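Reader: Please take one part of this model and look at it closely. I want the surroundings too, with cut-offs stated.

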Amino acid sequence: MIGLRKIKNTIIFIVTVAILTMFCSCCKRSEIKLGSGNEGGIYYKFADTLSDIDENITNIRTAGSQANMRLLKDGFINMGIVQSDVLSEAVNGTGDFNGNKINNVRAVAALYMESFQIIVPADSDIQTPADLKGKKVSVGEEDSGVAKNAEYILNSVSLDYNMIDVCNMNYQESADALKNGSIDAFFVVLGAPCDAITQLSEKMDIRILPLDDRTISYMTNLYDGYYETVIKAGTYKGIDEDVKTVGVKAVLVASQKMDSDTVADITKMLFEENDQIKKRISFANNDTKFATDNIPCAFHKGAVEYYNSIGTAITEEDQI
């Protein structure tokens, strides 16, 4: 009798463990592959921060915005951080995505404003973007948003890539190259301050080229998601005056195929864990209006569910 009871209890125990195991495996989210950017940039740092908060998120280092859109299209990543101008071209099949429209990507939230920054040594004779003619300049990695923005800024002063000595380096490589004198200038499109330039300013005297009204007007007329903005004095060592420039939103996007509950949870995390995010990225956005205004892409239904739950309306045309 005792033996039968033991067998019965053992069977019950095994069945219970099996049910709990199945329940836990069903509840556990699958890995979320988040495409970021190069290690000297904010995309990488932001993705790292999110992965520390949510163990299911894996930071996938990429070349940046354009690469992230293509990786999302092909299903190699589930989410990505991209510049809103690159997102606009991708979902509309224009610019670098002409004939290659991407339909399976949806917006989650604008994360922060990125500033266009052209870095030169403090004692350089380069005073304006027009002075870059004939100079050796890093325009960012191939397939990055900054490479496209550099081209636009050059065009605004009647230059193109054929008129400068172009090299493609990531931000940290660019900073190192400027310090050792192997390049004359480099472009970045990042939230300010960013680590790569902060660290460079501690090692050498630098300047950030201001953009004049003509260039700012050219850029903001080119795309309505470009904004006139200012890098404040004191943002970096040696930057003692405000620097006028142009900014663009960094946007978190997701594959349309992603589970709605998962996307809703991640959207919620961006706002409810914002204090934790700000410990590493001081300018991270916590305003739902900023997060949802003027985004050139329909929102994922999971993000819409979260925004609706807190009273931030997403118009029907902005939903999938």
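Author: Buried means under 20% relative accessible area, exposed means over 50%, and partly exposed lies in between (1.4 Å probe, protein chains only). By that cut-off, buried residues make up 52% of the 320 residues in the protein chain. The model is predicted: local features need pLDDT of at least 70, side-chain atom pairs count only at pLDDT 80 or more, and totals for chains, interfaces and linings use all residues. Numbering starts from 1 along each chain as its sequence is written, and side-chain values use heavy atoms, with hydrogens and water left out.

The protein chain has 12 helices and 10 strands (DSSP runs numbered from the N terminus: helices are H or I with at least four residues, strands are E with at least two). Take its contacts (heavy atoms within 4.5 Å) with a separation of 6 or more: residues 24 or more positions apart account for 74% of them.

The part I pick is E114. It is in strand β4, residues 105-121. E114 is buried, yet it has no salt bridge (a side-chain nitrogen of Lys or Arg within 4 Å of a carboxyl oxygen of Asp or Glu). The nearest side chain of opposite charge is K249, 12 Å away (Lys and Arg count as positive, Asp and Glu as negative; His and the chain ends are not counted). What joins the side chain of E114 to that of Y43? A polar contact of 2.8 Å joins them (a pair of N or O atoms within 3.5 Å; within protein, one must be able to donate a hydrogen and the other to accept it, and residues adjacent in sequence count only if both atoms are side-chain atoms).

Six of the six residues of β7 are buried. A185, F187 and V189 point one way; F186, V188 and L190 point the other. β4 and β7 pair in the antiparallel sense over five bridges (two strands pair if DSSP finds at least two bridges between them). Q117 has V188 in β7 as its bridge partner. Strand β5, residues 136-138, also pairs with β7, in the parallel sense over two bridges. There, V137 stands opposite A185.

Follow the chain past β7. P193 is in the loop between β7 (185-190) and α7 (195-203). A cis peptide bond joins A192 and P193, with omega about 10 degrees.

Back to Y43. S36 contacts it as well, again leaving aside neighbours within four places in sequence. S36 is in the loop between β1 (32-35) and α2 (42-53). Its relative accessible area is 0%, so it counts as buried. Among its other contacts are Y44, A47, R61, N68 and I81. N68 belongs to helix α3, residues 65-73, where S65, Q66, A67, N68, M69 and L72 are buried. G75 follows α3, with a positive phi near 80 degrees.

Two other positive phi values occur outside glycine. S158 has phi near 65 degrees. It lies in the loop between α5 (145-156) and β6 (165-167). At 56% relative accessibility, S158 counts as exposed. N294 has phi near 55 degrees. Its place is the loop between α11 (288-292) and α12 (301-309). At 37% relative accessibility, N294 counts as partly exposed.
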